[in-house]
Amino acid sequence: MNIFRKNKEMSIPEGFSAESVKIESSICTGEKTIGFYSPSEKKLMYAELVKSESDIENFYRKYGLKRK
């Protein structure tokens with residue numbers, strides 16, 4: 001059993017593209033989340049909490065994307 005996990009690159013969720021990635025910030029707390037924005041549902045899908053710049057870089061790396 002291997003206790004070390006490699007970060008496998010995931011495919012972009014169906015119906016989304018690299019242009020769908022968006023970072024949102026809470027008006028009340030300033031907490032940031034990153035995910036794929038769905039215009040039809042008007043919300044972030046597959047959202048993850050952002051605590052630092054490295055979290056943003058990890059999100060892009062996770063889906064094999066280049067940051068603009």
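**View 1. Ser20 in the predicted model.** Ser20 counts as buried because its relative accessibility is 15%, and the cut-off for buried is under 20%. The model shown here is predicted. Ser20 belongs to the segment that comes before strand S1, residues 21–25.

**View 2. Contacts of Ser20.** Once neighbours within four places in sequence are set aside, the residues in contact with Ser20 are Gly35, Phe36 and Tyr37. Strand S2 covers residues 32–38.

**View 3. Pairing of S1 with S2.** Strands S1 and S2 run antiparallel and are joined by five bridges. Ser25 has Lys32 of S2 as its bridge partner.

**View 4. The chain as a whole.** Three strands and one helix are present in the chain, and their order along the sequence is β-β-β-α. The chain has 68 residues, of which 22% count as buried. Its accessible surface is about 5800 Å², and carbon and sulfur atoms account for 51% of that surface. Of the contacts in the chain between residues at least 6 apart in sequence, 29% link residues at least 24 apart.

Note on methods
Residues are numbered from 1 along each chain as its sequence is written. This is a predicted model: local features need pLDDT of at least 70, side-chain atom pairs count only at pLDDT 80 or more; totals for chains, interfaces and linings use all residues. Side-chain values use heavy atoms; hydrogens and water are left out. Helices (H or I, at least four residues) and strands (E, at least two) are DSSP runs, numbered from the N terminus. Buried means under 20% relative accessible area, exposed over 50%, partly exposed in between (1.4 Å probe, protein chains only). Contact means heavy atoms within 4.5 Å. Accessible areas come from the Shrake-Rupley method with a 1.4 Å probe; for residues, only the protein chains shown count as cover. Two strands pair if DSSP finds at least two bridges between them.
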